Amino acid sequence: MKRRHFFQKAGALSAGIALGLRQNSEAAEYAANFKEQPFTVGINDYKVDYYVPGLGQSLSILHVTDTHLWRDDERGQPYRQFSKRMAAAYNETRHFLTGKITHPEEAFEATLLAAKEAKVDAITLTGDLFSFPSEAAIEWALERLEAAGIPYFYSSGNHDWHYEGMEGSLHELRETWIEKRLLPLYQGRNPLMYAETVKGINLVNIDNSYYEILPEQLAFFQEQVRKGMPMALMMHIPLYAPGRSLGYGCGHPQFNAANDRNYELERRQRWPEAGHSETTKAFHRAVFEAPNLLGVFAGHIHRQTVDWVNGVPQFLTQPNAAGGYLEVNFLPMDPADQITLSRTV
C-alpha cells in the first residue's frame, strides 16, 4: 500500500473513533460546566493527580517517553553507517530514582511491571521509544507490550524513524520508516493523529516529531476541542513556554535555521530559514486556548518539568531509558469541593 493512501485511510479511521463520546448537546453542556468548575492538579514526585469536575469514573495512565531502545541484529547491518552514533548512546544509564546502573531494556521491562502493579488503564508512549528504527528493537518492544496486556497508545519521536545521514527530508523519512518499521505500534490508527476516549477522557495523540504541525493535524486537534470533552494531549516535542530553551521547540519563536545547532551532529535536514509555519504557530495558540484541555504530556528534554501556560499544564517526564515514567490519575471531583470552588473562583 502506498504511504499516501495509508495515511489517508488511517486518517478517516481515527477521525471516526468515538468510544463513549457524548452527544453534541451533552458535550456543549460539559464544556460550559468545565469553565465554571476548574480542575485541580496535585504533583507528588512522579505521580500526578487530577480532580476533574463532571468526570464519572477514574482513569489511570502511565506516561512513558524516551526509552531509546537500541537492540539490533544482522538485519541492521546495511544501516550501520546511519545508526552507529545512536546505537552507542544509551548502552548504560543510571536509574532516575536509585542512581544504580541500568539500561533501556531493563528499564522498559521494569516500567511495564510497574504499570501492571499499579493497574493502570493505559500506557501512553510519546516517542523515542527507539534510538533508530531497528527491526530487532521494534519486535522486542512489541512482544513485551502485547504480553503486558495493557492498552497502549504510541506516537513517534525524532529518533524513532531517523537513520542519521540518510538522504531525504524529515517529512519523507518519517513517512518512510513509519510505514516500513513502526506501523504495527499504531494498531491500525493514523500515525500522525488519532484520539481515543477512555473512561471519559479524550486522549489525543499528535505526531510533532520534527517540530512542525501539518494543516490536517491542526484541523484534527480543533475537531477534538469542539467535542467539548476533557482531553489530554500527547506528543513528543514539548510546546514552547516562555523562558524555555529550543528543546521546547514546537512553536518556539527562535526556531529557525540560524539557531539549529545539532543538524550536523544528527546528520539531518536543517530547520527552515524562516522558522515555523503559520500552521504550527496556530496550533500552539489553539492548544493553550482550548477550554477543555487538561494538560499536555511530552518528552524529548530528558528531565521532568512542568509549565503552566494560560492555565494549561504541560508535563515532561523523566527519560524511560533511566527508568522514568509519570503516573497520571484523572479522578472525579467531589461535589462538595466543586461547590467550594464555585464560591471562590
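A residue is counted as buried when its relative accessible area is under 20%. By this criterion, 57% of the 345 residues of the protein are buried in the predicted model. The protein exposes about 15000 Å², of which carbon and sulfur atoms supply 49%. Nine helices and 14 strands are assigned. Among contacts with a separation of 6 or more, 74% are accounted for by residues 24 or more positions apart.

Strand 2 (residues 47-52) pairs with two partners, strand 1 and strand 14. Its pairing with strand 1 (residues 40-44) is antiparallel and extends over five bridges. These two strands form a hairpin with two residues between them, and Asp45 in the turn has a positive phi of about 55°. The pairing of strand 2 with strand 14 (residues 326-332) is parallel and comprises six bridges.

Helix 7 comprises the 12 residues 215-226. Gln217, Leu218, Phe220, Phe221, Gln224 and Val225 are the buried residues of helix 7. Viewed down the helix axis, these buried residues fall within an arc of 160° and therefore line one face of helix 7. In an α-helix there are 3.6 residues a turn, so residues three or four places apart point the same way. Just after helix 7, Gly228 adopts a positive phi of about 80°.

Technical notes:
Residues numbered from 1 in each chain as written. Predicted model: local features only at pLDDT ≥ 70, side-chain atom pairs only at ≥ 80, totals over all residues. Heavy atoms only, no water. Helix = DSSP H or I, 4+ residues; strand = E, 2+ residues; numbered from the N terminus. Expected span 1.5 Å × (residues − 1). Buried < 20%, exposed > 50% of the residue type's maximum accessible area, 1.4 Å probe, protein only. Arc of directions from axis to C-beta. Contact = heavy atoms within 4.5 Å. Areas by Shrake-Rupley, 256 points an atom, 1.4 Å probe, with all protein chains shown as cover. Pairing = 2+ DSSP bridges.
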